[in-house]
Amino acid sequence: MLHLDSDYIRGGHPEVMNRLLEVSLEAVPEGYGEDAYTKRARKLILDACGLSEEGDVRFMVGGTLTNATMIDVLLHPCEGVIAAETSHINVHEAGAIEAFGHKVLTIPASYGKLSAKDIDEYLGKFYEDKTWPHMVIPGMVYISQPTELGTLYTLAELEAISRKCSLHNIRLYVDGARLAYALASPENNVTLPDLARLCDAFYIGGTKCGALFGEAVVIPHPEKISHLFTQIKRHGALFAKGWLIALQFEVLFSNGLYQEIGDLGNRYAGLIKEIMKTCGYRQYVDSPTNQQFFILPNRIVDSIKKRVSFSVWEKVGKRQSIVRFVTDWASNIDGIKDLLLFR
(Lines give C-alpha, C1' and ligand atoms only; values in the text may rest on other atoms or scores of the structure.)
Protein backbone atom coordinates (compact mmCIF):
# COMPACT_ATOMS: atom_id res chain seq x y z
CA MET A 1 0.00 0.00 0.00
CA LEU A 2 1.29 3.45 -0.97
CA HIS A 3 0.59 5.88 1.88
CA LEU A 4 -0.16 9.45 0.87
CA ASP A 5 -2.45 10.15 3.83
CA SER A 6 -0.44 12.81 5.64
CA ASP A 7 3.07 13.91 6.57
CA TYR A 8 2.96 12.68 10.18
CA ILE A 9 2.40 8.98 9.49
CA ARG A 10 6.06 8.04 9.99
CA GLY A 11 8.44 8.41 12.92
CA GLY A 12 11.46 10.67 12.81
CA HIS A 13 14.10 11.16 10.14
CA PRO A 14 16.98 8.67 10.66
CA GLU A 15 19.41 11.45 11.61
CA VAL A 16 16.97 12.62 14.27
CA MET A 17 16.39 9.11 15.58
CA ASN A 18 20.11 8.33 15.70
CA ARG A 19 20.80 11.47 17.71
CA LEU A 20 18.03 10.63 20.17
CA LEU A 21 19.50 7.17 20.64
CA GLU A 22 22.96 8.64 21.22
CA VAL A 23 21.70 10.80 24.07
CA SER A 24 18.87 8.70 25.48
CA LEU A 25 20.93 7.16 28.32
CA GLU A 26 22.64 10.40 29.22
CA ALA A 27 21.50 12.07 32.44
CA VAL A 28 20.09 15.52 31.69
CA PRO A 29 19.26 16.93 35.13
CA GLU A 30 18.05 20.35 33.95
CA GLY A 31 14.41 19.90 32.93
CA TYR A 32 11.80 22.12 31.35
CA GLY A 33 14.04 23.58 28.67
CA GLU A 34 16.87 24.76 30.91
CA ASP A 35 19.41 22.22 29.62
CA ALA A 36 22.39 22.68 27.30
CA TYR A 37 20.73 20.89 24.36
CA THR A 38 17.75 23.26 24.46
CA LYS A 39 20.02 26.27 24.68
CA ARG A 40 21.98 25.11 21.62
CA ALA A 41 18.83 24.40 19.62
CA ARG A 42 17.39 27.76 20.65
CA LYS A 43 20.50 29.56 19.41
CA LEU A 44 20.50 27.68 16.10
CA ILE A 45 16.91 28.71 15.47
CA LEU A 46 17.40 32.31 16.60
CA ASP A 47 20.41 32.58 14.27
CA ALA A 48 18.39 31.13 11.37
CA CYS A 49 15.66 33.71 12.08
CA GLY A 50 18.11 36.61 12.22
CA LEU A 51 17.26 37.24 15.87
CA SER A 52 19.57 38.13 18.70
CA GLU A 53 19.69 36.37 22.05
CA GLU A 54 16.87 38.68 23.14
CA GLY A 55 14.43 36.61 21.10
CA ASP A 56 13.04 33.39 22.51
CA VAL A 57 12.23 29.89 21.31
CA ARG A 58 9.94 27.54 23.24
CA PHE A 59 9.48 23.88 22.40
CA MET A 60 6.08 22.20 22.61
CA VAL A 61 4.84 18.72 21.76
CA GLY A 62 2.25 19.21 18.99
CA GLY A 63 0.47 21.69 16.78
CA THR A 64 -2.94 21.91 18.44
CA LEU A 65 -1.46 22.39 21.91
CA THR A 66 0.94 24.98 20.50
CA ASN A 67 -1.83 26.93 18.78
CA ALA A 68 -4.17 26.80 21.77
CA THR A 69 -1.42 27.86 24.18
CA MET A 70 0.07 30.69 22.14
CA ILE A 71 -3.26 32.13 21.03
CA ASP A 72 -4.44 32.20 24.63
CA VAL A 73 -1.14 33.71 25.82
CA LEU A 74 -1.24 36.44 23.18
CA LEU A 75 -4.89 37.42 23.64
CA HIS A 76 -6.84 39.15 26.39
CA PRO A 77 -9.73 37.08 27.81
CA CYS A 78 -12.36 39.08 25.90
CA GLU A 79 -10.60 38.78 22.52
CA GLY A 80 -10.98 36.39 19.58
CA VAL A 81 -8.80 35.41 16.64
CA ILE A 82 -9.48 36.19 12.98
CA ALA A 83 -8.88 33.16 10.76
CA ALA A 84 -9.82 31.74 7.38
CA GLU A 85 -12.94 29.57 7.23
CA THR A 86 -10.69 26.72 6.06
CA SER A 87 -8.08 27.27 8.79
CA HIS A 88 -6.86 24.42 10.95
CA ILE A 89 -7.94 26.10 14.20
CA ASN A 90 -11.47 26.48 12.82
CA VAL A 91 -11.94 23.07 11.20
CA HIS A 92 -9.61 20.47 12.68
CA GLU A 93 -8.72 21.40 16.27
CA ALA A 94 -11.88 20.20 18.02
CA GLY A 95 -12.67 23.59 19.55
CA ALA A 96 -9.29 23.80 21.32
CA ILE A 97 -9.12 27.57 20.85
CA GLU A 98 -12.67 28.02 22.15
CA ALA A 99 -11.91 25.71 25.09
CA PHE A 100 -9.44 28.32 26.35
CA GLY A 101 -12.10 31.02 26.00
CA HIS A 102 -11.36 32.57 22.60
CA LYS A 103 -13.77 32.61 19.68
CA VAL A 104 -12.47 31.89 16.18
CA LEU A 105 -13.74 34.76 14.03
CA THR A 106 -13.85 33.39 10.50
CA ILE A 107 -13.77 35.27 7.23
CA PRO A 108 -13.80 33.89 3.67
CA ALA A 109 -10.46 32.99 2.11
CA SER A 110 -9.18 32.53 -1.42
CA TYR A 111 -7.59 29.09 -1.76
CA GLY A 112 -6.87 29.08 1.96
CA LYS A 113 -5.40 32.60 2.12
CA LEU A 114 -6.68 35.69 3.91
CA SER A 115 -6.10 39.07 2.31
CA ALA A 116 -5.10 42.31 4.01
CA LYS A 117 -8.08 43.97 2.33
CA ASP A 118 -10.58 41.51 3.80
CA ILE A 119 -9.00 41.78 7.24
CA ASP A 120 -9.16 45.58 7.07
CA GLU A 121 -12.81 45.51 5.96
CA TYR A 122 -13.74 43.06 8.72
CA LEU A 123 -12.14 45.23 11.39
CA GLY A 124 -13.64 48.40 9.91
CA LYS A 125 -17.16 47.00 10.00
CA PHE A 126 -16.63 45.65 13.50
CA TYR A 127 -15.80 49.06 14.96
CA GLU A 128 -18.52 50.81 12.95
CA ASP A 129 -21.02 48.92 15.09
CA LYS A 130 -21.54 51.08 18.18
CA THR A 131 -22.35 47.98 20.23
CA TRP A 132 -18.89 46.46 19.66
CA PRO A 133 -17.94 46.60 23.37
CA HIS A 134 -20.59 43.89 23.88
CA MET A 135 -18.91 41.62 21.32
CA VAL A 136 -15.87 39.36 21.09
CA ILE A 137 -13.10 41.79 20.17
CA PRO A 138 -10.73 40.73 17.35
CA GLY A 139 -7.26 40.71 18.89
CA MET A 140 -5.24 38.62 16.49
CA VAL A 141 -4.93 37.35 12.93
CA TYR A 142 -4.04 33.68 12.50
CA ILE A 143 -2.63 32.38 9.23
CA SER A 144 -0.63 29.29 8.30
CA GLN A 145 2.33 28.98 5.94
CA PRO A 146 1.60 26.97 3.89
CA THR A 147 -2.18 27.09 4.16
CA GLU A 148 -4.49 24.12 4.65
CA LEU A 149 -4.65 23.89 0.85
CA GLY A 150 -0.90 23.92 0.39
CA THR A 151 -0.83 27.46 -0.99
CA LEU A 152 1.72 30.09 0.02
CA TYR A 153 1.56 33.67 1.19
CA THR A 154 3.97 35.85 -0.74
CA LEU A 155 6.20 38.28 1.10
CA ALA A 156 4.12 41.19 -0.21
CA GLU A 157 0.93 39.57 1.08
CA LEU A 158 2.44 38.86 4.48
CA GLU A 159 3.81 42.39 4.76
CA ALA A 160 0.39 43.82 3.89
CA ILE A 161 -1.30 41.69 6.55
CA SER A 162 1.35 42.66 9.10
CA ARG A 163 0.79 46.35 8.35
CA LYS A 164 -2.96 45.99 8.88
CA CYS A 165 -2.35 44.22 12.18
CA SER A 166 -0.04 47.02 13.31
CA LEU A 167 -2.54 49.64 12.16
CA HIS A 168 -5.32 48.06 14.19
CA ASN A 169 -3.01 47.17 17.12
CA ILE A 170 -3.66 43.42 16.97
CA ARG A 171 -1.29 40.46 16.94
CA LEU A 172 -0.16 38.35 13.98
CA TYR A 173 0.48 34.65 14.60
CA VAL A 174 1.64 32.14 12.00
CA ASP A 175 1.09 28.39 12.22
CA GLY A 176 4.10 26.71 10.62
CA ALA A 177 3.16 23.05 11.04
CA ARG A 178 4.40 22.42 7.47
CA LEU A 179 6.86 25.30 7.31
CA ALA A 180 9.68 23.14 5.90
CA TYR A 181 7.68 22.61 2.72
CA ALA A 182 6.95 26.32 2.42
CA LEU A 183 10.58 27.35 2.90
CA ALA A 184 11.79 24.77 0.36
CA SER A 185 9.28 25.62 -2.35
CA PRO A 186 10.79 27.32 -5.43
CA GLU A 187 7.75 29.61 -5.44
CA ASN A 188 8.37 30.82 -1.88
CA ASN A 189 9.92 34.20 -1.14
CA VAL A 190 9.22 34.36 2.61
CA THR A 191 12.19 33.57 4.85
CA LEU A 192 12.50 32.83 8.56
CA PRO A 193 13.89 36.35 9.17
CA ASP A 194 10.83 37.74 7.35
CA LEU A 195 8.52 35.82 9.68
CA ALA A 196 10.50 37.02 12.70
CA ARG A 197 10.26 40.61 11.47
CA LEU A 198 6.55 40.58 10.65
CA CYS A 199 4.95 38.32 13.29
CA ASP A 200 4.37 38.50 17.02
CA ALA A 201 4.94 34.75 17.17
CA PHE A 202 5.16 31.80 14.81
CA TYR A 203 6.12 28.19 15.07
CA ILE A 204 8.44 25.98 13.10
CA GLY A 205 6.81 22.61 12.59
CA GLY A 206 8.66 19.45 13.52
CA THR A 207 5.96 16.77 13.76
CA LYS A 208 5.16 16.98 10.03
CA CYS A 209 8.69 17.88 9.00
CA GLY A 210 11.01 15.08 10.06
CA ALA A 211 10.81 15.17 13.86
CA LEU A 212 9.43 12.33 15.93
CA PHE A 213 7.28 15.00 17.58
CA GLY A 214 7.56 18.65 18.56
CA GLU A 215 7.21 22.24 17.41
CA ALA A 216 9.48 25.24 17.98
CA VAL A 217 7.70 28.50 18.83
CA VAL A 218 9.63 31.64 17.92
CA ILE A 219 8.83 34.80 19.90
CA PRO A 220 10.78 37.77 18.51
CA HIS A 221 9.86 40.07 21.43
CA PRO A 222 9.27 37.96 24.54
CA GLU A 223 9.38 41.04 26.74
CA LYS A 224 5.88 41.83 25.45
CA ILE A 225 4.49 38.64 27.04
CA SER A 226 4.24 38.50 30.81
CA HIS A 227 5.26 35.30 32.61
CA LEU A 228 5.60 33.26 29.40
CA PHE A 229 7.26 30.26 31.08
CA THR A 230 4.55 30.04 33.74
CA GLN A 231 1.75 30.50 31.22
CA ILE A 232 3.10 27.65 29.10
CA LYS A 233 3.24 25.49 32.24
CA ARG A 234 -0.33 26.48 33.15
CA HIS A 235 -1.55 25.21 29.76
CA GLY A 236 0.06 21.82 30.25
CA ALA A 237 2.42 22.60 27.39
CA LEU A 238 5.69 22.56 29.34
CA PHE A 239 7.50 19.29 28.66
CA ALA A 240 9.64 18.04 31.57
CA LYS A 241 12.07 16.31 29.18
CA GLY A 242 12.23 19.42 27.04
CA TRP A 243 15.61 18.40 25.67
CA LEU A 244 13.93 15.54 23.73
CA ILE A 245 12.19 18.10 21.50
CA ALA A 246 15.08 20.55 21.37
CA LEU A 247 17.57 17.84 20.42
CA GLN A 248 15.50 17.01 17.36
CA PHE A 249 15.53 20.64 16.24
CA GLU A 250 19.26 20.81 16.83
CA VAL A 251 19.56 18.06 14.21
CA LEU A 252 16.97 19.57 11.86
CA PHE A 253 18.74 22.94 11.91
CA SER A 254 22.21 21.50 11.33
CA ASN A 255 23.66 20.92 7.87
CA GLY A 256 20.51 22.11 6.09
CA LEU A 257 18.42 19.06 7.03
CA TYR A 258 15.18 21.00 7.58
CA GLN A 259 15.41 22.49 4.08
CA GLU A 260 16.34 19.09 2.63
CA ILE A 261 13.28 17.46 4.20
CA GLY A 262 11.02 20.14 2.77
CA ASP A 263 12.62 19.83 -0.63
CA LEU A 264 12.16 16.05 -0.74
CA GLY A 265 8.48 16.27 0.17
CA ASN A 266 7.89 18.96 -2.43
CA ARG A 267 9.69 17.03 -5.17
CA TYR A 268 7.63 13.91 -4.55
CA ALA A 269 4.48 16.05 -4.54
CA GLY A 270 5.58 17.62 -7.81
CA LEU A 271 5.85 14.14 -9.30
CA ILE A 272 2.26 13.41 -8.24
CA LYS A 273 1.15 16.68 -9.81
CA GLU A 274 2.93 15.82 -13.06
CA ILE A 275 1.43 12.31 -13.17
CA MET A 276 -2.11 13.43 -12.40
CA LYS A 277 -1.97 16.14 -15.04
CA THR A 278 -0.52 13.67 -17.54
CA CYS A 279 -3.52 11.44 -16.84
CA GLY A 280 -5.81 14.38 -17.63
CA TYR A 281 -7.09 15.06 -14.13
CA ARG A 282 -7.89 18.61 -13.02
CA GLN A 283 -6.30 20.32 -10.03
CA TYR A 284 -8.59 21.65 -7.32
CA VAL A 285 -5.93 24.14 -6.30
CA ASP A 286 -2.42 24.67 -7.63
CA SER A 287 -0.27 23.89 -4.61
CA PRO A 288 3.52 24.39 -4.77
CA THR A 289 4.10 22.39 -1.59
CA ASN A 290 3.66 18.82 -0.37
CA GLN A 291 -0.14 18.68 -0.46
CA GLN A 292 -1.75 18.05 -3.84
CA PHE A 293 -5.48 18.36 -4.47
CA PHE A 294 -7.17 16.90 -7.57
CA ILE A 295 -10.73 16.40 -8.77
CA LEU A 296 -11.15 12.76 -9.76
CA PRO A 297 -14.06 10.64 -11.04
CA ASN A 298 -15.39 8.51 -8.20
CA ARG A 299 -14.67 5.34 -10.19
CA ILE A 300 -10.99 6.33 -10.28
CA VAL A 301 -11.07 7.16 -6.56
CA ASP A 302 -12.43 3.68 -5.83
CA SER A 303 -9.82 2.09 -8.09
CA ILE A 304 -6.87 3.96 -6.54
CA LYS A 305 -8.04 3.12 -3.02
CA LYS A 306 -7.19 -0.51 -3.63
CA ARG A 307 -3.47 0.34 -3.66
CA VAL A 308 -3.12 3.89 -2.34
CA SER A 309 -4.16 5.42 0.99
CA PHE A 310 -5.19 9.09 0.76
CA SER A 311 -7.89 11.55 1.86
CA VAL A 312 -11.18 12.28 0.12
CA TRP A 313 -11.55 16.00 0.83
CA GLU A 314 -15.13 16.49 -0.34
CA LYS A 315 -17.64 15.37 -2.95
CA VAL A 316 -18.19 17.33 -6.16
CA GLY A 317 -21.65 16.44 -7.40
CA LYS A 318 -22.50 12.77 -7.68
CA ARG A 319 -19.66 11.57 -9.87
CA GLN A 320 -16.51 13.35 -8.70
CA SER A 321 -14.52 13.98 -5.52
CA ILE A 322 -11.71 16.27 -4.41
CA VAL A 323 -8.85 14.14 -3.12
CA ARG A 324 -5.69 15.07 -1.27
CA PHE A 325 -2.30 13.40 -1.65
CA VAL A 326 0.38 14.31 0.92
CA THR A 327 4.08 13.50 0.70
CA ASP A 328 7.03 13.74 3.06
CA TRP A 329 10.78 13.05 3.20
CA ALA A 330 10.26 9.27 3.04
CA SER A 331 7.55 8.95 0.40
CA ASN A 332 7.86 5.97 -1.95
CA ILE A 333 8.93 7.43 -5.29
CA ASP A 334 8.46 4.13 -7.15
CA GLY A 335 4.99 3.77 -5.68
CA ILE A 336 4.15 7.31 -6.76
CA LYS A 337 5.14 6.45 -10.34
CA ASP A 338 2.60 3.58 -10.21
CA LEU A 339 -0.14 6.22 -10.11
CA LEU A 340 0.22 6.26 -13.90
CA LEU A 341 -1.61 2.93 -13.88
CA PHE A 342 -4.83 4.63 -12.74
CA ARG A 343 -6.04 6.41 -15.86
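A residue is buried under 20% relative accessible area, exposed over 50%, and partly exposed in between (1.4 Å probe, protein chains only). The model is predicted, so local features need pLDDT of at least 70 and side-chain atom pairs pLDDT 80 or more, while totals for chains, interfaces and linings use all residues. Residues are numbered from 1 along each chain as its sequence is written, and side-chain values use heavy atoms, without hydrogens and water.

**Exercise 1.** Find where Met135 lies and classify its accessibility.

*Solution.*
- Step 1: Met135 sits in the loop between α6 (116-128) and β5 (137-144). Helices (H or I, at least four residues) and strands (E, at least two) are DSSP runs, numbered from the N terminus.
- Step 2: Met135 counts as partly exposed, because its relative accessibility is 32%.

**Exercise 2.** List what Met135 touches beyond four places away in sequence.

*Solution.*
- Contact means heavy atoms within 4.5 Å. With residues up to four places away left out, Met135 touches Cys78, Phe126 and Asp129.

**Exercise 3.** Determine whether strand β8 is enclosed or open, and how its residues point.

*Solution.*
- Step 1: Five of the five residues of β8 (residues 215-219) are buried, so the strand is largely enclosed by the rest of the structure.
- Step 2: Glu215, Val217 and Ile219 point one way, Ala216 and Val218 the other. In a regular strand the side chains alternate between the two faces of the sheet.

**Exercise 4.** Identify strands that pair with β8.

*Solution.*
- Step 1: Pairing requires at least two bridges found by DSSP between two strands.
- Step 2: β2 (residues 56-60) runs antiparallel to β8, joined by five bridges; Arg58 has Val217 as its bridge partner in β8.
- Step 3: β7 (residues 201-205) pairs with β8 in the antiparallel sense over four bridges, and Phe202 has Val218 as its bridge partner there.
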